[in-house]
Amino acid sequence: MPLNKEMTDTLKSAIADRKAQVDYLEVRVQQSESTSISFRGPQFDGSNRSFALAGGIRACHDGGWSFVTFNGLEELGDRLDDAITQAKLVGKESTQLAPNGAIEDYVPVDIKQDPRAVSLKEKRDLVAKYNQILLDYDPRIQTTMSSISDKFVTTYFVNSNGSCIVQERLDVNGRFGAIARGEDGVVRQGFESLNSRCDFNALIGIEDRVKGAAVRAVRQLEAKPVKGGQYTVVLDPYLAGVFIHEAFGHLSEADFVYENPRMQELLTIGKPLGIKQLNVIDDATLPNLPGTMKYDDEGVPGQRKYLIKDGVLTQRLHSRETAGKMAEEPTGNARAILASYPPLVRMTNTAIEPGDTSFEDMIKDINEGVYAVRMLGGQTNGEMFTFAAAEGYMIRDGKIAEPVSDVTLSGNVFQTLNDIEAIGDDTLYTNGGCGKGGQGGLPVSVGGPHLRIKNVVVGGR
């Protein structure tokens, strides 16, 4: 899609006419085109195709923020005036924003196979084929959920500091799930998801990955509940990535830290937080991942950041405001799910870097332990966490043994980081959707290697 110069000129002019009235002013406009197709069980669940324009304006004056949305450019002038008036009403302190230079840039997507060139019928037939693979796998499969979606977005960002950034973004997603029921009435689930930022063909030829959702659901029907207790636990890369995102990544978001005196004490930069081999990153520059971006929603360049380096807390995630208030550097982590939502401090692609231990060496001296695979659900409360693994296996005499079910892992994240005994030499990134502040489904990815952790409290049924 060619750059819409008329759009950028309109936004620049509107901001220039008003920027002297407040300390800071910005506008984001998104034009989007999306399709989605889904099946539930044997039934076609529906298709949707939409075109939308959404806009959001933020103004800040004397430390007071306002946020106003609009759905058409004819409203732009009036909505800007509304935002300025509201910011002046609430401002009672001083505006503290970390500096970010004026940036002018256009960031196109290098598309391989454009989903907009693929007909709805072709997409429907593709989902139907994958859904049938799940239905046919085993008579114990009770129902399925299969969908593919694609969305192309162009975001225009202009602010009163002189930035004008236009970014294109493409997301192609496939999501597949199977629910199996055993003779005893036990129900198990299996899921698989895929994402590409540049190529619809990433959804072609994935029969084995789709079938994996059904395989995992049925396999867990044979599992017996794990006996609760303390174990040495090995997390697979998927669960290791989810663990570091949920249990530690959210604690690294500076808006949470700034508003929480206890966390400021626990999360002092320079404080040892884990074993010396532990390195945790949040990296917006990795190619073709859901959390990848050149600029965040405040126009700050995306970066690779070490949250933990050699076991020491080295950085946290910032918006321009939190960086200004905490006298730290902005990190490019202000993100919103749509232009009609204000940016919040959010993760991008968060991962544990690989270490030097093979999976075989990691388990070879474990007499009795648990291998936890993928995540079914979980929750965090400050530094405490509880996760339910989608699959579990006992480790006996250094080998993977029988499958077990109802594997929940709980503990204190700071203790757990110090209880890591080995970090795998492998790594895997998976896509996900993150929720915060009423903005659910923000595209992120999580990653990591296998992890071995001692003294983990494992709950069974």
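How many aromatic pairs does the structure hold? I counted 8 aromatic pairs, taking rings of Phe, Tyr and Trp (its six-membered ring) as paired if their centres lie within 6.5 Å, with planes under 30 degrees apart called stacked, over 60 edge-to-face and the rest tilted.

Before going on, I noted that this is a predicted model, in which local features need pLDDT of at least 70 and side-chain atom pairs count only at pLDDT 80 or more, while totals for chains, interfaces and linings use all residues. Residues are numbered from 1 along each chain as its sequence is written, and side-chain values use heavy atoms, with hydrogens and water left out.

**Rings**

I looked up Phe359 and Tyr371, whose ring centres are 5.3 Å apart with planes at 50°, so the pair is tilted. Phe359 belongs to helix 9 (residues 359-363) and Tyr371 to strand 16 (residues 368-381), 12 residues apart; helices (H or I, at least four residues) and strands (E, at least two) are DSSP runs numbered from the N terminus. Tyr371 is buried at a relative accessible area of 14%, where buried means under 20%, exposed over 50% and partly exposed in between (1.4 Å probe, protein chains only).

I then checked Phe385 and Phe387, and found the pair stacked because the centres are 5.5 Å apart and the planes stand at 25°. Phe385 and Phe387 are both buried, and together with Phe243 they form one aromatic cluster.

I also found the charged end of Arg116 over the ring of Phe152, 3.9 Å from its centre, the rule being NZ of Lys or CZ of Arg within 6 Å of the ring centre and within 35 degrees of the ring normal.

**Salt bridges**

I counted 35 salt bridges, each a side-chain nitrogen of Lys or Arg within 4 Å of a carboxyl oxygen of Asp or Glu. In one of them, Lys12 meets Glu104 with the closest N and O atoms 3.5 Å apart, and this pair links helix 1 (residues 5-16) to strand 4 (residues 104-107) across 92 residues. Lys12 is partly exposed at 32%, whereas Glu104 is exposed at 55%.

Arg58 and Glu26 form another, at 2.7 Å between the closest N and O atoms; Arg58 lies in strand 2 (residues 43-61) and Glu26 in strand 1 (residues 24-40), so parts 32 residues apart in sequence are tied together. Arg58 and Glu26 are both buried. I noted a network of salt bridges as well, linking Glu192, Arg209, Arg216 and Arg374.

**Cysteines**

My search of the whole structure for disulfides (cysteine sulfur atoms within 2.5 Å) found 0. Cys164 is buried at 6%, and Cys198 is buried at 14%.
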